[in-house]
Amino acid sequence: MKNVLSLLIGIYFGIVLIKSELASWFRIQSMFRFEELHMYLVICSAVVVGAVSILLIKWLGQKTVVGDPIEFKEKPFQKGTILGGILFGLGWAITGACPGPMYAQLGSGEYLTLLSFAGAFLGVYVYALLKPKLPH
């Protein structure tokens, strides 16, 4: 039953992505060309909601469903994060797809997204091969 609920939530999220044009190649390209604010406003809204949520969790001392305290751990800075972010941004700008919306694009019939999937899988495979040699 849990899997069915997860599937329904995922389908709903995909519909929201398509209807709000967050998975639209046109919107993504417009964002990277600095032609319109649609995507930037959504991203900024998500950052604000996330930040407020974390503050509320800390201030109210919220706990997990099993009663454990919620802990936020700092991530150490790594040089590879910059290179990875640049590669991710370039791929997003070129293909008009990032991992979440790729599924929504496929579900809406944009089968060219299969090339983005292939690129993503190839990137993960190359990273796995190079991981021992990369500075972590």
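This is a predicted model: local features need pLDDT of at least 70, side-chain atom pairs count only at pLDDT 80 or more; totals for chains, interfaces and linings use all residues.
User: Is Ser30 buried or exposed?

Analyst: Residues under 20% relative accessible area are taken as buried. Ser30 has a relative accessibility of 1%, so Ser30 counts as buried.

User: Which backbone oxygen does the side chain of Ser30 reach, and which residues does Ser30 touch when those up to four places away in sequence are not counted?

Analyst: The side chain of Ser30 comes to 2.9 Å from the backbone oxygen of Phe26. Leaving aside residues up to four places away in sequence, the residues that Ser30 touches are Glu35 and Glu36.

User: Which residues of α2 are buried, and what covers them?

Analyst: Gln29, with its place in helix α2, counts as buried at 11% relative accessibility, and the buried residues of this helix are Arg27, Ile28, Gln29, Ser30 and Met31. Their cover includes α3 (38–60) and α4.

User: Which residues does Gln29 touch, not counting those up to four places away in sequence?

Analyst: Gln29 belongs to helix α2, and its neighbours are counted here without residues up to four places away in sequence. On that basis Gln29 touches Ala93, Ile94 and Gly96.

User: How many aromatic pairs are there, and what kind of pair do Phe32 and Trp92 form?

Analyst: With ring centres within 6.5 Å taken as the rule for pairing, the count comes to 5 aromatic pairs. For Phe32 and Trp92 the centres are 5.3 Å apart and the planes stand at 85°, while planes over 60 degrees apart count as edge-to-face. The pair of Phe32 and Trp92 is therefore edge-to-face.

User: Why does the pair of Phe32 and Trp92 tie together parts apart in sequence, and how many residues apart are those parts?

Analyst: Phe32 lies in helix α2 (residues 25–32), whereas Trp92 lies in helix α4 (residues 79–95).

User: How many residues make up the largest nonpolar core?

Analyst: In soluble globular proteins, nonpolar side chains tend to be buried together. Here the largest nonpolar core includes Leu17, Met39, Trp92, Cys98 and Ala104.

User: Where is Ser20 found, and which backbone oxygens does its side chain reach?

Analyst: Ser20 is found in the loop between α1 (2–19) and α2, and at 25% relative accessibility Ser20 counts as partly exposed. The side chain of Ser20 reaches the backbone oxygen of Val16 at 2.6 Å and that of Leu17 at 3.4 Å.

User: What distance in space lies between Ser20 and Met39, C-alpha to C-alpha?

Analyst: Along the sequence, Ser20 and Met39 are 19 residues apart. In space, from C-alpha to C-alpha, they are 9.9 Å apart.

User: Why do the buried residues of helix α6 line one face of the helix?

Analyst: Helix α6 (residues 113–130) has 18 residues, and Thr113, Ser116 and Phe117 are buried in it. Seen down the axis of α6, the buried residues line one face because they fall within an arc of 105°.

User: Which residues are exposed on the other side of α6, and against which helices do its buried residues pack?

Analyst: On the other side of α6, the exposed residues are Leu115, Leu122, Tyr125 and Leu129. The buried residues of α6, for their part, pack against α4 and α5 (99–107).

Definitions and conventions
Residues are numbered from 1 along each chain as its sequence is written. Side-chain values use heavy atoms; hydrogens and water are left out. Rings of Phe, Tyr and Trp (its six-membered ring) pair if their centres lie within 6.5 Å; planes under 30 degrees apart count as stacked, over 60 as edge-to-face and the rest as tilted. Helices (H or I, at least four residues) and strands (E, at least two) are DSSP runs, numbered from the N terminus. A nonpolar core is a set of buried Ala, Val, Leu, Ile, Met, Phe, Trp, Tyr and Cys residues joined through side-chain atoms within 4.5 Å. Buried means under 20% relative accessible area, exposed over 50%, partly exposed in between (1.4 Å probe, protein chains only). The expected span of a helix is 1.5 Å times one less than its number of residues. The arc is that of the directions from the helix axis to the C-beta atoms. Contact means heavy atoms within 4.5 Å. A polar contact is a pair of N or O atoms within 3.5 Å; within protein, one must be able to donate a hydrogen and the other to accept it, and residues adjacent in sequence count only if both atoms are side-chain atoms.
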